Amino acid sequence: MSAVEETDVLIVGGGPAGALLGFLLARRGIGVIVVEKQTSLERDFRGETVAAPSVVTLRRLGFGPALDAHGFLRTEGVTMRMEGRRVMHVDYRRFALGEVPVDIPQPALIAMFSDAAAEFPTFEYRFGTSFTGLLRDGDAVTGARLRRRDGSTSEVRARLVVGADGRFSKVRHAAGITADVQHMARDFLSFKLPRPADWGLQAELVVDRDRHLVVLPTFPDFLRVGHNLPKRGLGALRAAGFEPFKAGIMALDPRLAPVVAEHLNSWDDTSFLEIFTAEVPEWTRDGLVLIGDASHTCTPILGQGVNLAIQDAVVIAPVIADALSTAGPVPAAAFTGFVTERRRHKAHVTSFQRLQEKALATGSTPGVLLRRARYRLLDALPLKYRIFGGVLNAPHGIDPADLAVAAGGSRPGLGV
Ligand SMILES: Cc1cc2nc3c(=O)[nH]c(=O)nc-3n(C[C@H](O)[C@H](O)[C@H](O)COP(=O)(O)OP(=O)(O)OC[C@H]3O[C@@H](n4cnc5c(N)ncnc54)[C@H](O)[C@@H]3O)c2cc1C
């Protein structure tokens, strides 16, 4: 017999979206249980870049002191090199936002949210607890079935279940919502290297015909390098051998050759990322809403996934608080405005990412020449700051109630 519990909101998935939303709801006195299937935050490597608008948001919510206490790297700009020549540079410090993207390990970011939330008696973050199915009353979702690592099961009844369980969301699947998955032409293999002392704090995109490296300064003293490979090309790459792979990286960017030679030792040092975008036609049911990667998955270009997750949490928190003021499961209609607003932001990001990926996948000589000319032209125009700013710095709103609490400095755990 499963144990049965009750709460206002059950959040499935303790990633950036779920953990931040849990904090924002608990701070409003709402009962929240966040369940996370991993047993600790030191999970698989995840994205570490937090885009500038989310840095602004986190500071406005009161997380500035926690961010500063942990430490992070500021990414000052992005430089593109094509076939050995520098073709474009965007200086992030020229945007009027007052913040640049920062690099901080995702476990540390999530711990900031859940540690702050743990100060509220209505909040609980449960590790090692997996979602296994939805509870329903007619068409409405009324809670979820859970299983712990020790095999014990339970049911949590909630007025709202939030699916924040990432790109392969089981909540989404259980709700009968099918994602439209669009595979990109290429996938990614990534690895970390010590950052050479003279590397600087620029992100770099190093392109040679249809091969490229994304090189990101990573906290505290690493570079994160992503290398594209053809779709389903991992087997062939591995079959060709590790040394040729290594030699290919060194040839693409000779500046990396010494650290690659010394520190990239086997396939175990690399991790594979399948690149796709996923459009999700419906984000809601009565009693259920999807946020973060579960509702929209983007590619790693310009590090927007965490940004979208954070913005989802910030925008939806007041909507949930309002909707809970009436009895029963939160109706799907309560989220109409949220879905419209967040879809617009996400569509903007993914359409830019698709354009960029298409340009990078070009391998023919005329295509490569045209691409280089286009990026050079763009580099010469102030328009580049409008184009990049539109994607990197998309506006977002924070509910004044969230700001008021932060400004009041009454929250424990954040040092404000
Ligand atoms: C290799 C890699 C590099 C990336 N780089 C960047 C980057 O630099 N910048 C950036 O902005 N984005 C990056 N991204 C994307 C970014 O990590 C995601 O967009 C972001 O983490 C989404 O947050 P989320 O909370 O929606 O989902 P997730 O971070 O995926 O969190 C979902 C959570 O749900 C849990 N979960 C899943 N199933 C269940 C279940 N059944 N029961 C309970 N819990 C469950 C998972 O364990 C996970 O902790 C990267 C992604 C990858 C894979």
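Tutor: Two strands count as paired here if DSSP finds at least two bridges between them. The strands themselves (E, at least two residues) and the helices (H or I, at least four) are DSSP runs, numbered from the N terminus. Bear in mind that this is a predicted model, where local features need pLDDT of at least 70, side-chain atom pairs count only at pLDDT 80 or more, and totals for chains, interfaces and linings use all residues. Residues are numbered from 1 along each chain as its sequence is written, and side-chain values use heavy atoms, with hydrogens and water left out.

Strand β14 (residues 202-208) runs antiparallel to strand β15 (residues 211-218), and five bridges join them. Look at its backbone: R209 has a positive phi of about 50°, although it is not a glycine.

Now follow β15 onward. It pairs with strand β16 (residues 222-230), again in the antiparallel sense, over six bridges. P220 lies in the loop between β15 and β16.

There's another piece of pairing elsewhere in the chain. Three strands make an open sheet in the order β3-β7-β4, with antiparallel pairing. β3 (49-50) and β4 (73-74) are at the edges, each with a single partner strand, so one side of each has no neighbour in the sheet. Between β4 and strand β7 (residues 102-103) there are two bridges, in the antiparallel sense, and L73 stands opposite D103 in β7.

Step back to the domains, whose bounds come from an automatic or database domain assignment. The chain splits into domain 1 (3-45 + 103-182 + 276-362 + 396-408) and domain 2 (185-273). Eleven residues of domain 1 and twelve of domain 2 take part in the contact, meaning heavy atoms within 4.5 Å. Their centres, taken over C-alpha atoms, are 32 Å apart.

How much do they bury? About 1000 Å² between domain 1 and domain 2, with 58% of it on carbon and sulfur atoms; that is the accessible area (1.4 Å probe) the two parts lose on being put together, summed over both.

As for specific links, the rule finds two salt bridges across the interface of domain 1 and domain 2, a salt bridge being a side-chain nitrogen of Lys or Arg within 4 Å of a carboxyl oxygen of Asp or Glu. The side chains of R186 and E357 meet in a salt bridge at 2.6 Å, N to O. On the side of domain 1 that touches domain 2, helix α10 (residues 336-360) gives the most, with three residues.
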